Amino acid sequence: MPRASHHVDVAIIGAGPAGLTAGYMLGKQGFTVTLIEKDPEQVGGISRTVEHGGFRFDIGGHRFFSKSREVVDLWNELLPDDFIERPRMSRIYYRGKYYSYPLRAFEALRNLGLWQSTLCMASFFRWKLFPHKEVRSFEQWVVNQFGARLFGIFFKTYTEKVWGMPCDEMSADWAAQRIKGLSLGKAVWDGVRRSLGLNKQPNDGMQAKTLLESFRYPRKGPGMMWDAARDRILEQGNSVLMGHTLHQLSWDETAGLWRVAAMGRDGRLAMLTADHVISSAPMRELASRIHPLPATLPDAMALNYRDFLTVALMIRSDDLFPDNWIYIHDERVQVGRIQNFRSWSPEMVPDPALACVGLEYFCFEGDGLWSSSDEDLVALATRELATLGLCDPAAVAGGAVVRQEKAYPVYDDDYAAHVAAVRGELEARYPTLHFVGRNGMHRYNNQDHAMMTAMLTARNIAVGARRHDVWAVNEDAEYHEAGSEGDDAGIAAALRSERAVPSRIADRKAA
Ligand SMILES: Cc1cc2nc3c(=O)[nH]c(=O)nc-3n(C[C@H](O)[C@H](O)[C@H](O)COP(=O)(O)OP(=O)(O)OC[C@H]3O[C@@H](n4cnc5c(N)ncnc54)[C@H](O)[C@@H]3O)c2cc1C
């Protein structure tokens, strides 16, 4: 039996950074709002903090950084007293040694030892003399730049773990964008500046990302920010319906409103009506729940995602390393990155006698890793720490697994066309349906981008027109208004600065 319906100005699907920002901004202006969140307990989405026996951990570490003053101001408004500033340290771990990230050539050769370095240099010169002539793949690009041996050590394994495809199938343009900053001259200059203390600048959360020597972080993890946003929304008299998944969304033409059905964990439907709907749910899920089904449903269903899981281990030991996280370049293990939660904030690890690390595995929902039991994953993580020489398995006192489905929207060859098709149909048909956030817009973003799209949407709703184009918000959460002739200058600018991710080369045999 469905529960009785109530009416709000705006129904918001998802209580992650985007949904909560939209809800809070609208509530401030007096709108009535209900958020529908499928997680039974936690808000914050991918930016939540999971608690297990007093230990707290992120879904990947979440640094709070934005070039947008508006976003930083909102963070400060929501958490005025709880930000701490943390030194940033993250290195590559390879065969028992740590390497700076980005790589420093001299340090790398020194750490590798005389024999390996000689082989690396020989390989470097071999590929400089006889490079791949036609460079199409990531592998060919890096091999031409650094030699095959350094490619094998510092690029191949980690890249393949993260993206789930072989380096000889990834397109070369991604390498060119991604690795363009890696030059010996720049590394030496940065080193000199650092030793003179010239790189130290106060960090108010808006400094250029590449210069960040420190970052801001809520003392109890990112979830603290989003719990605070939820509390403010409740104080505004609005509601957050936890443990409910969007079931059906239908536009009632006669009444001129949305009918929203959300399924509780007990199988019962909660019903509400709304003038506007904001969705931060994955486009694939939203499209399949709209009634009548959109013609572009096949486009939405063709969107893909990469999933992610963290195995947190509590270890009777000092911290295993001082870094916030380390990158694991080792083909013997499946783990891609390891977080050291105490380095993020001492309050994440309540027991001074224990260390807490998070081993991060990139996977696809339903593959071997994803569907392993928690017990097996804790055992795997324990074994892998031992293989890496980071800790004695006997010292592991406990573990917990956090799975994050759809952690990364995949940018494959056709994704942009699919997103454009779905957006085109739904925005034209439903002026009061709004897309926001990461999977809501299929954008590989940070929190600030998700928040900026939500802020602009709240403004659009307040003025009763789509005056701001959320699709024109770029990776840095900057928003450029479209040209007066109504051209897509802003969107083009946003896409030009889109976060670089690898794409698969169309014809692999030719590479
Ligand atoms: C490993 C990793 C590291 C990251 N590091 C950083 C970082 O350092 N700094 C940074 O700023 N950002 C970082 N990010 C990005 C950040 O997590 C996202 O940008 C942000 O969480 C996006 O917010 P969102 O609200 O758009 O989406 P989400 O966080 O995905 O929230 C969406 C919410 O909607 C809910 N939902 C989904 N479908 C439905 C449905 N059908 N019905 C009801 N509810 C639904 C979900 O449960 C979720 O709560 C990182 C991401 C990852 C994966």
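Helix H1 (17-28), strand S10 (244-252), strand S18 (396-409) and helix H16 (447-463) each contribute at least two residues to the shell around the ligand. Helices (H or I, at least four residues) and strands (E, at least two) are DSSP runs numbered from the N terminus. The structure is a predicted model, in which local features need pLDDT of at least 70 and side-chain atom pairs count only at pLDDT 80 or more, while totals for chains, interfaces and linings use all residues. Residues are numbered from 1 along each chain as its sequence is written, and side-chain values use heavy atoms, with hydrogens and water left out.

Strand S10 gives the most to the shell, with 3 residues. There are 35 residues around the ligand, and Glu-37, Ser-47, His-62, Arg-63 and Asn-445 come nearest; a residue is near a molecule or strand if one of its heavy atoms lies within 4 Å of it. By class, the shell has 14 nonpolar, 15 polar and 6 charged residues. In this scheme Ala, Val, Leu, Ile, Met, Phe, Trp, Tyr, Cys and Pro count as nonpolar, Asp, Glu, Lys and Arg as charged, and the others, Gly among them, as polar. Domain 1 (6-48 + 67-84 + 219-303 + 412-494) and domain 3 (305-409) each supply at least three residues of the shell; the domain bounds come from an automatic or database domain assignment.

An oxygen atom of the ligand is 2.7 Å from an N or O atom in the side chain of His-62. For Ile-46, a polar backbone atom is 2.8 Å from an oxygen atom of the ligand, and for Pro-17 a backbone N or O atom lies 3.2 Å from a ligand oxygen atom. On its own the ligand has 1000 Å² of accessible area, of which the protein covers 92%. Accessible areas come from the Shrake-Rupley method with a 1.4 Å probe, and for residues only the protein chains shown count as cover.

The protein chain has 17 helices and 19 strands. Of its 511 residues, 53% count as buried, where buried means under 20% relative accessible area, exposed over 50%, and partly exposed in between (1.4 Å probe, protein chains only). The accessible surface of the chain comes to about 22100 Å², and 54% of this belongs to carbon and sulfur atoms. Among contacts (heavy atoms within 4.5 Å) between residues at least 6 apart in sequence, 70% join residues at least 24 apart.

Asp-330 lies in the loop between strand S15 (325-328) and strand S16 (337-340), and is buried, with a relative accessible area of 1%. Neighbours within four places in sequence aside, Asp-330 is in contact with Arg-95, Thr-157, Lys-161 and Leu-388. The side chains of Asp-330 and Arg-332 are joined by a polar contact of 2.7 Å. A polar contact is a pair of N or O atoms within 3.5 Å; within protein, one must be able to donate a hydrogen and the other to accept it, and residues adjacent in sequence count only if both atoms are side-chain atoms.

Arg-95, in the loop between strand S6 (90-94) and strand S7 (97-100), has a positive phi of about 45 degrees although it is not a glycine. Arg-95 is partly exposed, at 43% relative accessible area. Ala-477 also has a positive phi, near 65 degrees, but is buried at 2% relative accessibility.
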